[in-house]
Amino acid sequence: ASNAADLQTTLSQTIQEALKAVSINSRNYQNWLALAQLYQSLGGAGVQGAYDNAISAYQKAAAANPTNPLPLIGEAQVALAQNNATSSIGFLTAALVLKPNLAAAYFMRSQVEGGQSNFTPAIQDAKTAVSLAQLDPLGWYNLGVILYSSGDYATAVLALKQAVSLNNDYANALFVLALADDKVGD
């Protein structure tokens with residue numbers, strides 16, 4: 001019980017410090033982002049109302065720096081955590097309007113679309129993500145998993161081999177590669 005009380009005290013102090021930072025300089029979007037990320041973490045831990053506070057802080061960060069896509073990425077993550085794929089895709093699309101070469105937004109949107117079995121846009125976004133970050137094994141793995149899930153096993157093999165070539169002990173990529181190889185008869 002003492003550990004729980006200590007954690008509660010620490011959380012309260014952390015929130016108060018974050019709120020103090022935004023009250024001192026409410027035009028600094030980074031202060032709002034830090035507060036939003038804190039609330040987002042608390043939402044993930046099941047704290048009631050934390051996601052709503054995170055969204056509010058992300059909106060204030062966006063108002064303070066309207067050309068920065070990071071608040072929209074944060075809102076997309078919160079929407080996804082609340083099982084709202086449509087809103088998440090909308091926020092990611094808005095982030096890409098602000099920064100069309102943001103690989104992380106394409107990556108995230110591909111995962112959301114893939115999770116909805118919308119494979120055509122998921123594959124396109126995953127391909128765009130790897131074209132923007134060609135040396136990222138996670139991007140290639142993501143593309144491979146989406147291709148595998150869509151039933152395009154031969155192309156999945158190619159993407160997964162690329163992931164493994166960039167990180168030769170990538171266990172997840174090796175596992176899905178073995179599954180894809182089996183599907184194509186190798």
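**Helices, contacts and burial**

Reader: Why are α4 and α6 called roughly parallel to each other?

Author: Helix α4 covers residues 70-81 and helix α6 covers residues 103-115; they pack at an angle of about 15 degrees. The cut-offs are these: under 35 degrees is roughly parallel, over 145 roughly antiparallel, 65 to 115 roughly perpendicular, and the rest oblique. Therefore α4 and α6 count as roughly parallel. Their axes are 11 Å apart. An axis is a line fitted to C-alpha atoms, for helices over the stretch in contact, and angles run from 0 to 180 degrees between N-to-C directions.

One caution. This is a predicted model: local features need pLDDT of at least 70, side-chain atom pairs count only at pLDDT 80 or more, and totals for chains, interfaces and linings use all residues. Residues are numbered from 1 along each chain as its sequence is written, and side-chain values use heavy atoms, with hydrogens and water left out.

Reader: What makes a stretch a helix, and how many helices does the protein have?

Author: Helices are DSSP runs of H or I with at least four residues, strands are runs of E with at least two, and both are numbered from the N terminus. The protein has 10 helices and 0 strands.

Reader: What kind of crossing do α4 and α6 make, and which residues form the contact?

Author: The crossing of α4 and α6 is left-handed. That means the near helix is turned anticlockwise from the far one by less than a right angle; clockwise would be right-handed. From α4, the contact uses Ile 73, Ala 76, Gln 77 and Leu 80. From α6, Ala 105, Met 108 and Val 112 take part. Contact means heavy atoms within 4.5 Å.

Reader: How many residues of this contact are nonpolar, polar and charged?

Author: The contact of α4 with α6 has 6 nonpolar residues, 1 polar and no charged ones. Ala, Val, Leu, Ile, Met, Phe, Trp, Tyr, Cys and Pro count as nonpolar; Asp, Glu, Lys and Arg as charged; the others, Gly among them, as polar.

Reader: Why is α6 called largely enclosed?

Author: 10 of its 13 residues are buried, so the rest of the structure largely encloses α6. Buried means under 20% relative accessible area, exposed over 50%, partly exposed in between (1.4 Å probe, protein chains only). Among the buried ones are Tyr 106, Phe 107, Arg 109 and Glu 113. The buried residues of α6 pack against α4, α5, α7 and α8.

Reader: What do the buried residues of α4 pack against?

Author: They pack against α2, α3, α5 and α6. Pro 71, Leu 72 and Glu 75 are among the buried residues of α4.

Reader: What makes Asn 65 buried but Asn 167 partly exposed?

Author: Asn 65 has a relative accessible area of 19%, so it is buried. Asn 167 is at 27%, so it counts as partly exposed. Asn 65 lies in the loop between α3 and α4. Asn 167 lies in the loop between α9 and α10.

Reader: Is Gln 40 buried or exposed, and what does it contact?

Author: Gln 40 has a relative accessible area of 16%, so it is buried. It is found in helix α2. Leaving aside neighbours within four places in sequence, Gln 40 contacts Tyr 51, Ala 54, Tyr 58, Gly 74, Gln 77 and Val 78.

Reader: Why are α7 and α8 called roughly antiparallel?

Author: Helix α7 (residues 119-132) and helix α8 (residues 137-150) pack at about 160 degrees. They are therefore roughly antiparallel. Their axes are 9 Å apart. The crossing of α7 and α8 is left-handed. Phe 119, Ile 123 and Lys 127 of α7 are among the contact residues, as are Trp 140, Leu 143 and Ile 146 of α8. By class, the contact of α7 with α8 has 9 nonpolar residues, 4 polar and 1 charged.

Reader: How much of the protein is buried?

Author: Of its 186 residues, 41% count as buried.
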